[in-house]
Amino acid sequence: MSDFKITTDTQEPPLDTAMKVVYQWNYDAEVEELRRLYVKAAEAQWISERDLDWDRPIDLELFAKTPLGTGVPIDETSYWQSLPAATKVQLTRRTAAFRLSNFLHGEQGALMVAAQLVNAVPHTDAKFYAATQTMDEARHVEVFARYIEKLDEIQPIAEPVKAVLDATLETEDWLKKLVGMQIVVEGLALYSFREMRNLTEEPLLKDLLTYVARDESRHHAYGVQYVDRCVPLLGEAQRTELEDFALEAAKTLIDARNAQTLFTTILKIWTEEGLDAAALLESAQKEIPEILAKRGKKHRLGPVQGFVIPTLRRCGLLSERVAKHYHEMLLANFSGNVVGDDLESFLSNVPDLPEDTAAWVLGELKEAEYA
Ligand SMILES: [Fe+2]
Ligand SMILES: [Fe+2]
């Protein structure tokens, strides 16, 4: 007997969304850059089963060098260093499963938003492009799920990630969907994929992230090129609304309170593996300021300052008004050393968006770019 069911135990209650469906009768290429991106995407399709070597076992020793992604260099503390190698392997493996699970659930959100965009965007080229992205995201969901199951097990979605995905799916404004998904969520993802791909020494994860990051750089380009075309035609009120939508999404994802909740979840996983949380925190409190001080000015900018804000500026969505809010938000979450004490030094610290994002995402990390 098959256990196929129409309503499954693992599904969420349906989410009401306000999306409007738009027909377009002009089939000619109109937004040339999006038409080119669509052709590029069609040419760059890959197949998980054929192009990744799934038979290769995950080398856990190599895997243990994958960064934890905790934002602070917890693995450089004396307590962490004193742990037996086998424990470190377990800790890295389970932390990565947690982190990759949120990538995975984010990919599911991206899959659904991309499919919504096919319906909601008014230009034919933009519909075509969103169709290729929908295919890409399905593949991303497939490969992340498969990798996590090979590594450990899939963990539930973190609340802030769910909140941003819900807001992006729920809005009826397709420009907000583009800004929430293509610019904020995919901007953050691209930055994290780049870091993980560069620093991990586990070959299957590196290969997988190479393929995924290449696709993501196109998704980001779609957002930038399309939003950039639209923003100059918007009225003041609509532009302000878009800026605020991006700000809210970024805030939810990096807010200190949410980061604390995430860290508590990770700490719980670590405790299950026998780590002494009190000893770790004591060691971290004592040593991390010194570790960071030794790095001097070489601070990691992080995904918002290092990538999302440059993207918004490039698209004409970084007015002085909203820049002030970003500055305040980042100051509340990070030190003035990294962020810049005043608005002017903050803005002068915001790098330019790379000319070629695909080359950037696969290029080497500079020393200043990771924690
Ligand atoms: Fe994706
Ligand atoms: Fe994507």
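Biologist: Which residues is Val308 in contact with, leaving aside its neighbours within four places in sequence?

Modeller: Two residues are in contact if their C-beta atoms, placed from the backbone, lie within 7 Å. For Val308, leaving aside neighbours within four places in sequence, the list is Ile183, Val184, Gly187, Leu188, Ala250 and Pro303. This is a predicted model, in which local features need pLDDT of at least 70, side-chain atom pairs count only at pLDDT 80 or more, and totals for chains, interfaces and linings use all residues. Residues are numbered from 1 along each chain as its sequence is written, while chains are lettered from A and ligands numbered from 1 in the order in which they are written.

Biologist: Which residues have the most contacts inside the largest nonpolar core?

Modeller: A nonpolar core is a set of buried Ala, Val, Leu, Ile, Met, Phe, Trp, Tyr and Cys residues joined through C-beta atoms within 7 Å. A residue is buried if 20 or more other C-beta atoms lie within 10 Å of its own, exposed if 12 or fewer, and partly exposed in between. The largest such core here has 70 residues, and Tyr129, Val179, Val184, Ala246 and Val308 have the most contacts inside it. Helix H8 (residues 174-199) gives the most to this core, with 14 residues.

Biologist: How many helices and strands does the protein have?

Modeller: Both are DSSP runs numbered from the N terminus: helices are H or I with at least four residues, strands E with at least two. The protein has 17 helices and zero strands.

Biologist: At what angle do H10 and H14 pack?

Modeller: Axes are lines fitted to C-alpha atoms, for helices over the stretch in contact, and angles run from 0 to 180 degrees between N-to-C directions. Helix H10 (residues 236-254) and helix H14 (residues 320-333) pack at about 5°, with axes 11 Å apart. H10 is therefore roughly parallel to H14; that term covers angles under 35 degrees, with over 145 roughly antiparallel, 65 to 115 roughly perpendicular and the rest oblique. On the H10 side the contact is made by Glu243, Leu247, Lys251 and Ile254, and on the H14 side by Val322, His325, Tyr326, Met329 and Asn333.

Biologist: Is Gly109 buried or exposed?

Modeller: Gly109 counts as buried because it has 22 C-beta neighbours inside 10 Å. Gly109 is found in helix H5 (residues 85-120). Leaving aside neighbours within four places in sequence, Gly109 is in contact with Leu165 and Leu169.

Biologist: What share of the residues of the protein count as buried?

Modeller: Of the 371 residues, 34% count as buried.
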